[in-house]
Amino acid sequence: MKVSLLAHTPEPERLVVAAALLCYQKGGPEAAYEKAGKEKLRARLFEELVRQGHGSTLEHPSFTFGIEGISRACSHQLVRHRICAYNQQSQRYVDVGDPQYFVKPESLEGDGGRFEEVIAESVGYYRDIVEQFRGEGKTAEQAQEDARYVLPNATMTNLIWTTNLRNLLHVCRVRMCSRAQWEIRRLLHGCRRAMEPKFPVIAKYMVVKCHPNAMGYCDEEFRSCGFRPLREKVVAADADCPPGPGYWEEVTE
Ligand SMILES: Cc1cc2nc3c(=O)[nH]c(=O)nc-3n(C[C@H](O)[C@H](O)[C@H](O)COP(=O)(O)OP(=O)(O)OC[C@H]3O[C@@H](n4cnc5c(N)ncnc54)[C@H](O)[C@@H]3O)c2cc1C
């Protein structure tokens, strides 16, 4: 698997801060963007906005990742996140019938070559179908589009994925969790590593939901890995804390 940061909004943190400043000041957007250019202010406000969850400001910057050599099983999980843009290698236009073009999970390393046997059988059948259809005068695309039905979930694929910052953090929160599968977790860790050199502050918040830089507790009531405290425990620990003045008062007209 290879993950790279292909493109991004030029100054993502500045844009987020400008969007927030615009909300609270009389000046226009250009003035807000100018002000957000001040290093000290930007550094302080950006993290505050991420932590307090002022989500709409995080929707302005976007990031484009190149994702190479993941399985179709993994890409199917990724594309369930809908508030993004994707392009994925086509199995109609690209001949993927190659025994090297598969992702083997580490858990199957000791299977005595059974995985490779199954892949070789699928690829062999794929090649037969392509050859037969081509012999019948069909185009490569027509041959491949039906031959691909015999390929397994392990088949490799490549994608270009563009997401805004709000969604990027959300996907990290749910897909870096130990309840998600190893491959998509690895993919999101790859995205974080690709972000780190240019955007270390953003990378700091590309974490699983129970991390102190996100919620800080686990909401997986029945399937928690037990590493972080459950939500109930955090809420219960806080139960004695009295609300501030007027906090829970009923509002009457
Ligand atoms: C550990 C794990 C296991 C999973 N297992 C399964 C599984 O077994 N089967 C399965 O089908 N899926 C499974 N999923 C996928 C899951 O159901 C979601 O499809 C996926 O996580 C994307 O949903 P999302 O809310 O994160 O993102 P998106 O669908 O991209 O939505 C992003 C956000 O936009 C808002 N939103 C989007 N659409 C609507 C809407 N129609 N109405 C209101 N608000 C909306 C919500 O706030 C949502 O969180 C699993 C996901 C995880 C993380």
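Visitor: Which residues does Cysteine 191 touch?

Guide: Leaving out residues up to four places away in sequence, Cysteine 191 touches Val3, Phe65 and Met206. Touching, or contact, here is when the C-beta atoms of two residues, placed from the backbone, lie within 7 Å. Keep in mind that this is a predicted model: local features need pLDDT of at least 70, side-chain atom pairs count only at pLDDT 80 or more, and totals for chains, interfaces and linings use all residues. Numbering runs from 1 along each chain as its sequence is written.

Visitor: Okay, and which residues of the largest nonpolar core touch the most other members?

Guide: That core has 42 residues, and Val17, Leu187, Cys191 and Met206 touch the most other members. A nonpolar core is a set of buried Ala, Val, Leu, Ile, Met, Phe, Trp, Tyr and Cys residues joined through C-beta atoms within 7 Å. Buried means 20 or more other C-beta atoms lie within 10 Å of the residue's own, with C-beta atoms placed from the backbone.

Visitor: Why does this core lie between domain 1 and domain 3?

Guide: Because domain 1 (1–91 + 157–206) and domain 3 (209–240) both give residues to it. The domain bounds come from an automatic or database domain assignment.

Visitor: How far apart are the centres of those two?

Guide: Taken over C-alpha atoms, the centres of domain 1 and domain 3 are 24 Å apart. Their contact takes seven residues from domain 1 and six residues from domain 3.

Visitor: New topic: what surrounds the ligand?

Guide: Arg80, His81, Arg82, Ile83, Val174, Arg175, Cys177, Arg179 and Ala180 do, each with its C-beta atom, placed from the backbone, within 6 Å of it.

How values were computed
A residue is buried if 20 or more other C-beta atoms lie within 10 Å of its own, exposed if 12 or fewer, and partly exposed in between; C-beta atoms are placed from the backbone.
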